[in-house]
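Here is a short tour of one structural model. Look at the fold as a whole, then at its sheets and helices.

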Amino acid sequence: MKKGLTYFAVGILAGVAVAGASEGALRAAGANTGVALFADVFNKVRDNYAEKPNDDKLIRGAIDGMLASLDPHSTYFDPKALEDFQKSMKGEEFGGLGLEVMMEDGLVKVVSPIDDTPAARAGLMSGDLVTGIDDTAVKGMTLKEAVDKMRGPAKSSVRLLIERGANKDSKEYTIVREIIHVQSVRSHVEGGDIGYIRITQFNQEAYDGVRKAFDHFRADPGSAKIKGYILDLRNNPGGLLNQAVEITNAFVDSGEIVSTRGRNADQQQRYSARPGVNLSQGKPLVVLINGGSASASEIVSGALQDLRRATLIGTRSFGKGSVQTILPLGENGALKLTTARYYTPSDRSIQATGIDPDITVLEKIPADLKGKVSSLGEASLFGHLKNGSEEEKGSDAYVPPNKDKDTQLQAAISLLHGAKPASLQKPATTVTSQ
Amino acid sequence: MGLGVVLGTAATVAAPQALSYISPAAYAAAADTYRQLNLFGDVFDKIRNDYVERPDDAKLIEAAINGMLASLDPHSSYMDARAFKDMQVQTKGEFGGLGIEVTQEDGLIKVVTPIDDTPAAKAGILSGDVITAIDDTQTQGLTLDQAVEKMRGAINSSVKLKVVRGPKKEVKDFTIMRDLIRVQSVRSHVEDGDVGYIRVTQFTEQTADGLKAAMQKLKSEVPGDKFKGYILDLRNNPGGLLDQSIDVVNSFVDRGEIVSTRGRTPDETQRFDAHPGGDLSGGKPLVVLINGGSASASEIVAGALQDHKRATLIGTRSFGKGSVQTIMPLGQEGALRLTTARYYTPSGRSIQAKGIDPDYKVLEDVPDDLKGKDDMKGEASLKGHLANGQEDTSASQAYVPPDEKGDKQLTAAMNLLEHGVKPVETTAAKADTAPKPDAVKAAAAKPDAPAPSAPSGAGKPN
């Protein structure tokens, strides 16, 4: 209908003068006709629109429209968004409560309180519904609005109205905010002899987290007892390139890890392993990936696969083979712009194709989640960078909360305990949810 | 470089001027604008220099303009040179061509119907013919738009068509001279011997003249004493030119305000009044048919005739587009279609995001296979529409049965005009409120977007 609702006559506003001076000057100076055209439209909108337009919104709309025409990963950060982004890359140091929340049916639901945070100490529990924050009803807020309301300076307090359980018992909590440190790396020893490392995102603290995990394994159970490692990159959306390179280097001694190529040949950069910083002592390594493993996760798994350092188990990865650079715009925030593609050591681009695991193992997806936990992948994003003809769409991205039921994890453990790879693939014969 | 420099120049020219007569606050606002434009230029330059692939500057700018306009409302848009030309053809309602309505079926260009009295009809092109080549170019692989574009051209120029006809796939070659083709936006006939039925499919430059001709013809066919009245059918008419809608109203009323438009400031208000002597209807009773697909210029007509108590409106609530767009040419690069005003009916109401309620709500019976697809979500459900207080976001029926006998709205209009029987309002109120987007496309053969396709909506004339 939009298109069909036709405009009214030319010249209806014949008497309305257009802002002559600036427009004329812009035209005259129009070394670039495209930019002059934009300025022309901008001025016409400012002068003639039915309501007084908001200049900020107009420019914002223009910038968003321009970036959206490039690819799905190039975006504009206004100053507030930039600050949030930088915080998340720094390891999420913010004043808050320590709650992981999600949106469900318009309500904010606690996924889990993070250990050792005000929320955990106050007794908030997984599954709690947050219905009010400081006397404001949560209903109608976006997840981001609710999160912004919960965050605030350390030592300030916030009141939460919580509904719990089937009886919907209402309970009010007053909690004092603290600096929350979100850990991007978690690790534990699996079955007494396997070092399990999970990276949730590649922020500035990711490599340090991995290093500490190795320290921890060395102390307990001790290097001699460790049979191998599991690096879990499932549902890890990526992050910083240098962290991906450092973390790969923690498992290899030499060789190229990744190269990036921009528009011109002189923009190519190679990242190679430095000798002497491999922390893994050459012990067997399994990397877990799935449809939610993207970008930096794919650099790590692609390099470890090409260098034959790891066995990849899981489902095909997301397929984001591009690199974004944050270009500052002074007081106006920053631009996150796709500036390069990256290539694995064997020179393959995984853009829109993803990385196939060496052993495909599917998780059993609960009936109520079927069809909701598969990631469509880069190839199905509107306007993604092309990569030849062979593109791949859709891959499972579900990780069971209970590790005993985590088929991919169990396959990794079996492999490190000496099982034959062929025997691990059986679950693949179950019906896929793609 | 780029915009930074360009705008820098502009600002130094503009700023002193601005200073001389506007307040410091306004000057600050100007500085702020300069900052905003600089930001745009900065982003543009960074993309040009650093993006992973060499970007197409023209595409970037077009995307920027579209993004900016999309942030305003759903009716403001940028037309590139091609789209601008198409729009001009559409509003003009005439072009050089053959007079065939075509459609695309399984990748083939198929003739829906040759239009009476056009070169195509005279040459003997028939409904169902498949056009396989135009001027020796195979149509296989062409889009419908491309094929139409190839068939159109200057008047008196000729075009060669290769046509495959019938089950025997008989191949025929035609060489046809193009002529001026007028898209009929007005159709009329005498209904039941005593009512003048007039359907307006869109408001093009031809509409007011077409209406006058239709009214003359109807009057000549029905003796004055038998003439019971007119039905003006505006169902699924998406709108068009403002001046044409004013003229159409004037053909039924002789005096009074028809519509007023108001821009941002009071001095931009314009009133449009009826010219005495314009009324051709002889005061005969009038029923206007509207539905959820009646928008914009259609609503100006329906709203004015309702406020003047000149007509009885029958059907379902109209679309609710109460804004006016102005076309502003942009040199060689197309044009800007910008919302510049709201319009108000004579009683001072804005129908924006509300629509016009008919005097009698009558629903059509929708065939089972179209149920749920026949409703039109109106203006109020378009993202970013201009706000207007209490809005009506419910969907309104936009189905017109292809067969007159099953057309309950038309029947209600006839009963009112012929027998003075007031329509029974449909009470199954919920029946037309199921929210279904994109309904009109599926609803019978009514065009929601009269991209050059007025006549029957089944295809594209060329």
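The report below starts with chain A and then turns to chain B.

This is a predicted model, in which local features need pLDDT of at least 70 and side-chain atom pairs count only at pLDDT 80 or more, while totals for chains, interfaces and linings use all residues. Residues are numbered from 1 along each chain as its sequence is written, and chains are lettered from A and ligands numbered from 1 in the order in which they are written.

**Chain A**

Chain A has 11 helices and 21 strands. Helices (H or I, at least four residues) and strands (E, at least two) are DSSP runs, numbered from the N terminus. Of the 434 residues in chain A, 45% are buried. A residue is buried if 20 or more other C-beta atoms lie within 10 Å of its own, exposed if 12 or fewer, and partly exposed in between, with C-beta atoms placed from the backbone. Among contacts in chain A with a separation of 6 or more, 67% join residues 24 or more positions apart. Two residues are in contact if their C-beta atoms, placed from the backbone, lie within 7 Å.

Chain A holds an open sheet of six strands, in the order 10-11-12-15-16-19, with mixed pairing. Strand 10 (185–190) and strand 19 (359–360) of chain A are at the edges; each has a single partner strand, so one side of each has no neighbour in the sheet. Helix 7 (residues 206–219) of chain A packs on this sheet and touches strand 10 and strand 11 (194–199) of chain A. The direction of helix 7 makes about 20° with that of strand 10 of chain A. Axes are lines fitted to C-alpha atoms, for helices over the stretch in contact, and angles run from 0 to 180 degrees between N-to-C directions.

Further along the sheet, strand 12 (residues 228–232) and strand 15 (residues 285–289) of chain A are parallel and share four bridges. Two strands pair if DSSP finds at least two bridges between them. Leu231(A) has Val287(A) as its bridge partner in strand 15 of chain A. Helix 9 (residues 296–306) of chain A lies across strand 15 and strand 16 (311–314) of chain A, at about 140° to strand 15.

Helix 9 of chain A also packs against helix 8 (residues 241–249) of chain A, at an angle of about 30° and with the axes 9 Å apart. That makes the two helices of chain A roughly parallel, a term for angles under 35 degrees. On the helix 8 side, the residues that meet helix 9 of chain A include Leu241(A), Ala244(A) and Ile247(A). Their counterparts in helix 9 of chain A include Ile299(A), Val300(A) and Leu304(A).

**Chain B**

Chain B also has an open sheet of six strands, ordered 10-11-12-15-16-19 with mixed pairing. Its edge strands are strand 10 (186–191) and strand 19 (360–361) of chain B, each pairing on one side only. Strand 16 (residues 312–315) of chain B runs parallel to strand 19 of chain B, joined by two bridges. Ile314(B) is the bridge partner of Tyr360(B) there.

| Strand of chain B | Direction to strand 18 | Bridges |
|---|---|---|
| Strand 1 (residues 77–79) | antiparallel | three |
| Strand 13 (residues 257–262) | antiparallel | three |
| Strand 17 (residues 323–329) | antiparallel | seven |

Strand 18 (residues 335–344) of chain B is mostly covered, with 10 of its 10 residues buried. Ser77(B) is bridged to Arg337(B). Arg262(B) faces Arg342(B), and Pro329(B) is opposite Ala335(B). The hairpin of strand 17 and strand 18 of chain B has five residues between the strands; Gly331(B) in it takes a positive phi near 55°.

Ser350(B) sits in the loop between strand 18 and strand 19 of chain B. It counts as partly exposed because it has 18 C-beta neighbours inside 10 Å. Beyond its neighbours within four places in sequence, Ser350(B) contacts Gly322(B), Arg342(B), Tyr344(B) and Asn388(B).

Gly420(B) follows helix 10 of chain B and has a positive phi, near 65°.

Technical notes: Parallel < 35°, antiparallel > 145°, perpendicular 65-115°, else oblique.
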